[in-house]
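Subject: Structure for your files

Hello,

Here is the structure I said I would pass on.

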Amino acid sequence: PRSIWISRHGESMFNLSGQIGGDANISDRGEMYARKLPELVKQSAGDLPLTVWTSTLKRTAQTSRFLPYEKLAWKALDELDSGVCDGLTYADIEKEYPQDFKARDADKYNYRYLGGESYRDVVIRLEPIIMELERSENILIVTHQAVLRCIYAYFMGSSQEKSPWMEVPLHCLIKLTPRAYGTQEERIHADV
Ligand code: F6P
């Protein structure tokens with residue numbers, strides 16, 4: 001059975017400051033994950049020749065740069081566009097856009113940031129990625145939290161409406177293997 005591997009980028013400077021979106025560099029800890037990742041992948045995939053798909057944002061390229069495989073950057077793998085809230089913290093959003101903050105909490109899947117996207121929008125823009133994934137082999141995707149939630153829900157056959165609340169930890173490589181009775185999952189956590 002074919003597997004796919006997925007990971008978030010290493011911790012970014014925005015993760016540290018609690019800001020959302022943006023195009024920040026990875027932190028020192030993120031850098032440690034980037035250096036560890038080739039070993040984790042080897043542990044999970046052995047000598048399979050993988051292809052790495054990243055977003056077009058710096059933090060996914062930086063996280064992938066030590067992986068000895070061919071790489072492809074997809075705009076469709078960029079993080080959910082938070083529009084006017086890009087670069088803000090959740091506390092900033094609650095203060096500056098209190099209505100939006102509430103509306104998002106009430107319906108996180110359908111809530112679309114002003115000038116940005118909803119999870120529903122992301123699911124739609126991921127369709128070409130999913131199609132390409134279905135006809136490819138040995139793909140490792142290094143991308144962002146919201147995007148990973150959607151891809152994960154697709155492969156696990158779980159509800160997209162609930163996926164915005166799902167925890168996808170940093171510094172963890174997830175291997176998904178679709179099987180007749182459901183998708184098998186293996187997680188390897190990096191100790192960084
Ligand atoms: O905080 C990291 C991050 O990837 C942000 O860039 C993004 O807006 C957010 O997570 C998505 O998570 P949520 O939909 O839970 O706000």
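This is a predicted model: local features need pLDDT of at least 70, side-chain atom pairs count only at pLDDT 80 or more; totals for chains, interfaces and linings use all residues.

Residues are numbered from 1 along each chain as its sequence is written.

Confidence. The protein has a mean pLDDT of 97, and 99% of its residues reach 70 or more; pLDDT is the predictor's confidence in each residue, from 0 to 100. The scores for the model are ipTM 0.98 and pTM 0.97.

Ligand. The residues around the ligand are N15, I20, G21, E79, L80, S82, H144, Q145, A146 and P164. A residue is counted here if its C-beta atom, placed from the backbone, lies within 6 Å of the molecule. Sorted by class, this shell holds four nonpolar, five polar and one charged residues. In that sorting, Ala, Val, Leu, Ile, Met, Phe, Trp, Tyr, Cys and Pro are nonpolar, Asp, Glu, Lys and Arg are charged, and the others, Gly among them, are polar.

Annotated site. An unreviewed UniProt entry lists R8, H9, G10, E11, S12, M13, F14, N15 and R59 under "binding site". They span 52 residues in sequence, but no two of their C-alpha atoms are more than 14.2 Å apart, so they gather at one spot. UniProt positions are given in the numbering used here, feature names are shortened, and annotations may be inferred rather than shown by experiment.

Two of these residues can be described further. E11 lies in the loop between β1 and α1 (13–17), and R59 is in helix α3 (residues 58–64). Helices (H or I, at least four residues) and strands (E, at least two) are DSSP runs, numbered from the N terminus. E11 is buried, with 23 other C-beta atoms within 10 Å, and R59 is buried with 29. Buried means 20 or more other C-beta atoms within 10 Å of the residue's own, exposed means 12 or fewer, and partly exposed is in between, with C-beta atoms placed from the backbone.

Leaving aside neighbours within four places in sequence, E11 is in contact with L16, I26, S27, R29, G30, Y33 and L170. On the same terms, R59 contacts H9, S12, A24, N25 and I26. Contact means that the two C-beta atoms, placed from the backbone, lie within 7 Å.

Core. The largest nonpolar core has 27 residues, of which W5, I6, L140, I141, V147, C150 and I151 touch the most other members. Such a core is a set of buried Ala, Val, Leu, Ile, Met, Phe, Trp, Tyr and Cys residues joined through C-beta atoms within 7 Å. At least two residues of this core come from each of β1 (4–8), α2, β2 (51–54), α6 (119–125), β4, α8 and β5. The most come from α8, with six residues.

Backbone angles. Most residues other than glycine have a negative phi. N138 has a positive phi of about 60 degrees although it is not a glycine, and the angle of H171 is likewise positive, at about 60 degrees. N138 is in the loop between α7 (127–134) and β4 (139–143), and H171 is in the loop between α8 (145–156) and β5 (172–179). N138 is partly exposed, with 15 other C-beta atoms within 10 Å, whereas H171 is buried, with 23.

Regards
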